[in-house]
Amino acid sequence: YEMAPGNKYIGEVGKAQSMAVYTWKVGGTLRTTFVNGKFNGIGVEIPNPDSAYVSRIAYWKDSKVESTIDRESGCITGDCENGSGMFAFKDGRVYKGGWKNGKFEGKGILISAKMRVYSGDFLNGMIAGKGILIYPDGMIYTGDWKDNKMNGEGSYYWPGGKWYKGGFLNDNYHGKGYMHHKDGTIQNLQVVSGHPLLIPSAQEAVKQWVYQPTLLNNEPVEV
């Protein structure tokens, strides 16, 4: 939805704290944690492609940059062995969160060299549990993870308003799920179990479902 005229926020609504993407009208995006409507925490800022500025990773407080992060700095703050700390890797990654025996553990945020931002659970140095991944182009996955891959139940959102909800296995769609388009229609329904005589009629019935899309000037729009 729009937070200011022409600016867009993509993320959870109604929560005091959430991971989200903020896009300015003039171009450029910020992927960071919002706390009570303000940018807070580590985040990635990607400017308008026509801008002279370059992408940067910075630490935000109350929508202001407190410091930028040198991605070859080692352990920047805290305890990066057993505790909570921020670490910048020479390969371009930056991690902020829990550590155990020198590995990611518990809650944390990991920013890749390609500016993908993950916020959620880690186990023994790997992404595992619940979390949200935001891609540089604005695509978002939120759901279950195991061994650094999408595994379990989750939802995948495209910037244009299309989204998929269902099962995932090793980063691929798996099992039952459905694709929801901006106009409210459902496609690509999959069935993993059920009586053979009932499956065809059940599939046809569900494909007839049409959700009421959000309209602007009588045209469906993303929200």
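**The second largest pocket**

The second largest pocket has a volume of about 330 Å³. This is a predicted model, in which local features need pLDDT of at least 70 and side-chain atom pairs count only at pLDDT 80 or more, while totals for chains, interfaces and linings use all residues. Residues are numbered from 1 along each chain as its sequence is written, and side-chain values use heavy atoms, with hydrogens and water left out.

A word on the terms. Rolling a probe the size of a water molecule over the atoms shows where empty space is left. On a 1 Å grid over the protein atoms alone, a pocket is an open set of points where a 1.4 Å probe fits, with protein on both sides within 12 Å along at least five of seven lines; lining residues have an atom within 4 Å of a point. Grid points are joined across faces, edges and corners, and the volume is the space filled by probe spheres set on the points.

Which residues lie nearest the centre of the second largest pocket? They are Leu110, Arg116, Ile127, Leu133 and Asn148, out of 16 residues in the lining. By class, that lining has 10 nonpolar, 3 polar and 3 charged residues. Here Ala, Val, Leu, Ile, Met, Phe, Trp, Tyr, Cys and Pro count as nonpolar, Asp, Glu, Lys and Arg as charged, and the others, Gly among them, as polar.

Strand 10 (103-111), strand 11 (117-123) and strand 12 (126-134) each supply at least two residues of the lining. Strand 12 gives the most, with 3 residues. Strands (E, at least two residues) and helices (H or I, at least four) are DSSP runs, numbered from the N terminus.

**Around those strands**

Asp121 lies in strand 11. Is Asp121 buried or exposed? Asp121 counts as buried because its relative accessibility is 16%; buried means under 20% relative accessible area, exposed over 50%, and partly exposed in between, with a 1.4 Å probe and protein chains only. The side chain of Asp121 makes a polar contact of 2.6 Å with the side chain of Lys107. A polar atom of the Asp121 side chain also lies 2.8 Å from the backbone nitrogen of Lys130. A polar contact is a pair of N or O atoms within 3.5 Å; within protein, one must be able to donate a hydrogen and the other to accept it, and residues adjacent in sequence count only if both atoms are side-chain atoms. Leaving aside neighbours within four places in sequence, Asp121 is in contact with Gly106, Lys107, Met126, Ile127, Ala128, Gly129 and Lys130. Contact means heavy atoms within 4.5 Å.

Ser112 lies in the loop between strand 10 and strand 11. With a relative accessible area of 15%, Ser112 is buried. Ser112 and Val44 are 68 residues apart in sequence, and their C-alpha atoms are 10.0 Å apart in space.

**Strand pairings**

That brings us to Val44, which stands opposite Ile57 in strand 5. Strand 4 (residues 38-46) and strand 5 (residues 56-61) pair in the antiparallel sense over 5 bridges. Two strands pair if DSSP finds at least two bridges between them. Strand 5 also pairs with strand 6 (residues 64-68), again antiparallel, over 4 bridges. Lys61 has Lys64 in strand 6 as its bridge partner. Strands 5 and 6 form a hairpin with 2 residues between them, and Asp62 in the turn has a positive phi of about 50°.

Strand 7 (residues 74-78) and strand 8 (residues 83-88) pair in the antiparallel sense over 4 bridges. The hairpin that joins strand 7 to strand 8 runs through 4 residues, and Thr77 has Met86 in strand 8 as its bridge partner.

**Two more residues, then the chain**

Lys100 lies in strand 9 (residues 94-100) and counts as partly exposed at 47% relative accessibility. Not counting residues up to four places away in sequence, Lys100 touches Glu81, Asn82 and Glu105.

Asn151 lies in strand 14 (residues 149-157) and counts as buried at 14% relative accessibility. The side chain of Asn151 reaches the backbone oxygen of Lys146 at 3.1 Å.

As for the protein chain, its secondary structure comes to 1 helix and 19 strands. Buried residues make up 38% of its 223 residues. Among contacts between residues at least 6 apart in sequence, 15% join residues at least 24 apart.
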